[in-house]
Amino acid sequence: MLTGELRNQIDKIWDSFWTGGISNPLEVLEQITYLLFIRRLDDLQTLEENKATRLKKSMEKQIFPNGKDQKGRNYQDLRWSRFKNQSPAEMFTVISEHVFPFLRNLGGDGSTYSGHMKDARFTIPTPALLAKVVDLLDQVPMEDRDTKGDLYEYMLGKIATAGQNGQFRTPRHIIRLMVEMMKPNPKDVICDPASGTCGFLVAASEYLREKHPEILRDAKLKDHFHHKAFHGFDFDSTMLRIGSMNMLLHGVENPDVLYRDSLSQDHSDEEEKYTLLLANPPFAGSLDNENVAKNLQQVVKTKKTELLFLALILQLLKPGGRAAVIVPDGVLFGSSKAHKELRKMIVEEQKLDAVVSLPGGVFKPYAGVSTAILFFTKTNSGGTDSVWFYDVKADGWSLDDKRTPLLSEDKLGATIQVKLNSDELNKNNLPDVLSRFEKRNTEERKRKRTEQSFCVPKKDIVAQDYDLSLNRYKEVVHEEVEHRAPLEILADLAKLETEIQRGMKELEGMLG
């Protein structure tokens, strides 16, 4: 857990960056990320040295070689444990002139993250600020996965609250809800084609650790977990660095987080590779026809990014693979040919499992757009029988720009240990979404369409031209109100008028 003291220290560091002239929160996080990586390299080398001493063998993997770099500095001076004790000025020289060129050229520890270091730039402006940051990071217990993971999550939250680049961040409780509903298993090959900070992949890895502890005991499963289970694509190199470091700090050694323009590049080498897709693809925007990958154009002729991402997900999934994808409401009811074709394809050719409608303020303060989560399974042979709908009215936080929690921390999110009363459930629907989703093929089938969740047979969806918006099928109960007869109301009005006139005359008499 992240202590209040550690939080305060991070806040101080953040303020120091701002006063030092670095006001872009992404750049702040990137610089801290580089330093965390440098510390990790030293920890890995120390482990190797201890192992070699214990086994009385030479080191298998030496990150910092013997000898000197091109500028005549001993490679051992580039280690965190060495430079952290130097004066700020000396430390600044070592990191800017020796450590960074070393990282760019040598590729560090062979992890995905080190592959993204090629264009790393050191921009911390002063030795004093550098010394402050190194001091703080040196106090973080890096052997404690929870603490370092929470630390990074806290800093990612700062990107969001700064109001810049908020599009990169899906609320954690929504991500966890989707992961819990999809139930990843130890053999899944999981992909997010718009990975950003890798929030979905991190949540899936945490779920697997919690529900399937055997993955870290079985050698085959452990290798799969660290090297083959997690795949993320992004075309922003800063996000690739931040995302892969997020995975590293959450205990996934070598996730496959790659530079790939998901909609423009050909995906023939990636087709039908994944068993689970979790994504919140970018909504707004259109691409020029010539920039759209040809194999996506064959699935659906459109320039809209949200439709192209759905087409891409259908291509990336293996038959039998599952997907949970956040889409803007327009995807559910859009009337263009491309919108209808894509919905028809998911309902007729694949198996649409559920549509969960989210409240409008979920993505505030950066976007007020209404969204829903689509859950489907790729079958290539249909299978949609009945689609489960749920109308989420509250997610535990206020739906204004402040997004303040409405309940105590132990009552927020989808998986909580305490039982919520009806008033609390009205403020946080997520545990209810999860429990009802489990029963979508049994008890939920009996619910009326006036309720918060219900099932709709496929034939009704076909009859509505494959419209998937919840309001198309929800029935509203109109309360019967008894109105008085018009003549009765008019008689009352006439009576009131007479009384007013009488009162006026009496008043005039008194004044006269």
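Predicted model: local features only at pLDDT ≥ 70, side-chain atom pairs only at ≥ 80, totals over all residues.
Is F102 buried or exposed, and what is its relative accessible area? F102 is buried, at a relative accessible area of 5%.

Let me begin with the aromatic contacts. The structure contains 13 aromatic pairs. One of them joins F102 to F64: the ring centres are 5.4 Å apart and the planes meet at 15°, so the pair counts as stacked, the cut-off being under 30 degrees. F102 belongs to helix 4, whereas F64 sits in the loop between helix 2 and helix 3; the pair therefore ties together parts that are 38 residues apart in sequence. F64 is buried as well, with a relative accessible area of 1%.

A second pair has another geometry. F375 and F437 are tilted, at 5.5 Å centre to centre and with 40° between the planes. F375 lies in strand 7, residues 371-377, and F437 in helix 17, residues 430-438, so that the pair links distant parts of the chain, 62 residues apart. Both F375 and F437 are buried.

I turn now to the nonpolar core. The largest one has 52 residues, and those touching the most other members are F17, I32, L35, I95, L130 and Y152. Among the elements that give two or more residues to this core are helix 1 (4-19), helix 4 (88-106), helix 7 (145-161) and helix 11. Helix 2 gives the most, with ten residues. Y152 touches L29, T33, L36, I242, M245, N246 and L249, leaving aside residues up to four places away in sequence.

Helix 11, residues 237-249, brings us to the sheet: this helix lies across strand 2 (230-234) and strand 3, and runs at about 180° to strand 3. The sheet itself is open, with nine strands in the order 3-2-1-4-5-7-6-8-9 and mixed pairing. Its edge strands are strand 3 (256-259) and strand 9 (453-457), each of which pairs on one side only. From one strand to the next, the twist averages 15°.

Finally, consider strand 9 and its neighbour. Strand 8, residues 386-391, runs antiparallel to strand 9, and five bridges join the two. W388 has C455 in strand 9 as its bridge partner.

Key. Residues numbered from 1 in each chain as written. Heavy atoms only, no water. Pairing = 2+ DSSP bridges. Helix = DSSP H or I, 4+ residues; strand = E, 2+ residues; numbered from the N terminus. Axes fitted to C-alpha atoms, helices over the stretch in contact; angles between N-to-C directions. Contact = heavy atoms within 4.5 Å. Core = buried A, V, L, I, M, F, W, Y, C linked by side-chain atoms within 4.5 Å. Buried < 20%, exposed > 50% of the residue type's maximum accessible area, 1.4 Å probe, protein only. Phe/Tyr/Trp six-rings, centres within 6.5 Å; stacked < 30°, edge-to-face > 60°.
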